[in-house]
Amino acid sequence: MPTKTNAAYFADKISPVCHSALQYTAYYGTFAHTPSLGSMEVLPHTVVGVDQDGNIDFMVSGVKDASPEALVELTQQHALSALASKDIVLVDASKDNNQFFFPGFIDTHIHAPQFPNNGIFGNTTLLEWLEIYTFPLESSFTDLELATEIYTKVISRTLGYGTTTASYYATIHTDATNLLADLALKLGQRSFVGKVCMDQNSPAHYIETEEESKASTLEVIDHIRSRNPSGDLINAVLTPRFAGSCTDSLLSWLGNLRKKGNYHCQTHLSENHKEIEWITNMFPQYDHYTDIYYQNNLLSSKTVLAHCIHLSDEEMHILRNTGSGISHCPTSNSSITSGEARIRWLLNNHINVSLGTDCSGGFTPSILEVARHALLVSRHLVMKSKEDAEKLSSSDVLYLATVGGAKVLDIDDKVGCFRKGLKFDAQLISLDCKDSNVDTFAFQNPQWGVLPAEASHKRFADLIDKWLFTGDNRNIQKVFVNGRTVVDRTA
Ligand SMILES: Nc1nc2[nH]cnc2c(=O)[nH]1
Ligand SMILES: [Zn+2]
């Protein structure tokens with residue numbers, strides 16, 4: 001039997017999602033997405049052709065004749081390559097008016113090893129929460145059997161909630177981090193996987209030396225590249241946990257590596273008042289918390305900064321000038337009482353913002369629920385500021401959950417909405433499926449093609465709101481990544 005340090009042995013025990021060759025597929029139904037902030041575009045009676053590599057090949061709206069013959073003929077007319085009718089798979093989701101395709105969600109900040117602690121945070125705030133709940137759990141990831149169980153659950157659960165892309169923090173352990181990447185590849189989730197770096201201010205049982213941190217970071221990069229050389233599904237992301245747990249020397253090495261290899265990078269910034277005071281006192285040679293990352297070359301358009309709640313104007317300008325993106329984690333920020341990030345202020349200043357579950361600072365693996373919390377937190381800000389413009393709308397938060405995430409991860413040329421040339425990363429939602437928690441009534445049905453278009457659009461906008469506020473994973477019929485079906489609740 002292979003040794004316990006052999007990550008591949010554990011990954012091999014998990015069955016992959018179907019990896020047979022993809023067939024050209026024409027999807028027909030209603031497509032909704034948020035190509036720009038604040039606007040929801042709805043495309044009823046639309047055919048989307050997805051080629052054998054999972055790319056959106058064409059999109060045609062206003063298609064009234066949905067007979068199989070007509071859909072096949074239309075597909076043959078619009079597909080880039082010649083197709084025999086037997087080579088086209090049809091998926092007709094138009095029978096039910098309360099069913100629609102939506103882009104897959106993008107979770108830009110989630111700690112995979114913390115998953116068993118979802119919901120367990122008591123009355124703690126960040127620094128004591130890390131000591132009491134987080135470090136003890138993360139330190140157990142020397143056990144690859146446990147890591148297999150937890151990581152398989154995290155990936156399956158988040159996929160089941162419609163998360164087609166996730167940016168994961170793993171732990172300091174090389175083998176378990178490699179295992180997380182192997183499992184994401186196997187289960188078909190587009191992922192960024194970060195080996196956590198921490199060489200100071202951590203408990204004796206969960207700390208590494210600077211040399212160990214560097215060696216392990218390079219090993220994980222090599223492993224991920226060997227598993228998915230094209231980087232089309234999994235990618236390594238440099239992950240200094242936060243300035244508090246990294247020496248200046250390690251931060252500087254990571255920053256130079258980032259610059260040299262143009263790597264993605266993720267860390268935490270400006271989450272909690274005590275944390276900020278502790279870290280700025282620890283690094284007196286820097287102007288502020290953001291300056292620590294800036295001077296160490298860690299900020300770029302491929303950097304994701306979680307939280308950013310208590311930033312000064314000067315810090316915000318540095319983020320804007322470096323193109324750094326933000327992962328807003330309102331569920332976590334409310335749970336461990338970190339504060340309310342000023343998202344409208346960041347957006348108005350042209351900073352890319354996305355959403356993160358931050359499990360287990362946040363208790364839910366659902367980006368839909370986090371989007372709901374983002375909307376509510378923005379209203380809490382308004383109750384104090386009386387500035388109505390700070391409110392985030394449903395379209396705003398669904399944008400943050402999709403296109404916002406794609407921009408922050410610098411993959412908006414691949415995913416985020418429905419457009420020719422993008423990958424088909426999507427979810428098929430039904431508000432009327434048999435175990436749905438969303439109550440719809442006949443008078444709310446959009447009745448596409450029966451009512452005047454404006455009336456149908458108004459009704460559909462209301463349905464999207466009902467989904468956002470009362471929907472959950474039970475409404476997800478199918479999830480697609482790179483054109484492949486990775487979740488099928490209809491089967
Ligand atoms: N929310 C959150 N903040 C952190 N800051 C440093 N580590 C963590 C973590 O695991 N979660
Ligand atoms: Zn976090």
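A: Here is a walk from the overall layout to a pair of packed helices.

Please keep in mind that this is a predicted model. The protein is divided into domain 1, made of residues 1–104 and 417–491, and domain 2, made of residues 105–408. Their C-alpha centres lie 29 Å apart. Where the two meet, 36 residues of domain 1 are in contact with 36 residues of domain 2. On the domain 1 side, the elements that each supply at least two residues include helix H1 (7–11), strand S1 (24–36), strand S2 (39–50) and helix H15 (453–470). That side has 20 nonpolar, 10 polar and 6 charged residues.

The UniProt record, an unreviewed entry, lists residues 102–486 as "domain: Amidohydrolase-related". This span is 43% helix and 16% strand, and its end C-alpha atoms lie 15 Å apart.

Now for the close look. Two packed helices are described by the angle between their axes and the distance between the axes. Helix H4 (residues 144–160) and helix H5 (residues 174–187) pack at an angle of about 40°, with 10 Å between their axes. The crossing of H4 and H5 is right-handed. From H4, the residues taking part include Leu 144, Ala 147, Tyr 151, Ile 155 and Leu 159. H5 meets them with residues that include Asp 175, Ala 176, Leu 179, Leu 183 and Leu 187. Sorted by class, the residues of this H4–H5 contact are 11 nonpolar, 3 polar and 1 charged.

Technical notes:
Residues numbered from 1 in each chain as written. Chains lettered and ligands numbered in written order. Predicted model: local features only at pLDDT ≥ 70, side-chain atom pairs only at ≥ 80, totals over all residues. UniProt positions renumbered as here; feature names shortened; annotations may be inferred. Helix = DSSP H or I, 4+ residues; strand = E, 2+ residues; numbered from the N terminus. Domains from an automatic or database assignment. Contact = placed C-beta atoms within 7 Å. Nonpolar A, V, L, I, M, F, W, Y, C, P; charged D, E, K, R; others polar. Axes fitted to C-alpha atoms, helices over the stretch in contact; angles between N-to-C directions. Left-handed = near helix turned anticlockwise from the far one by under 90°.
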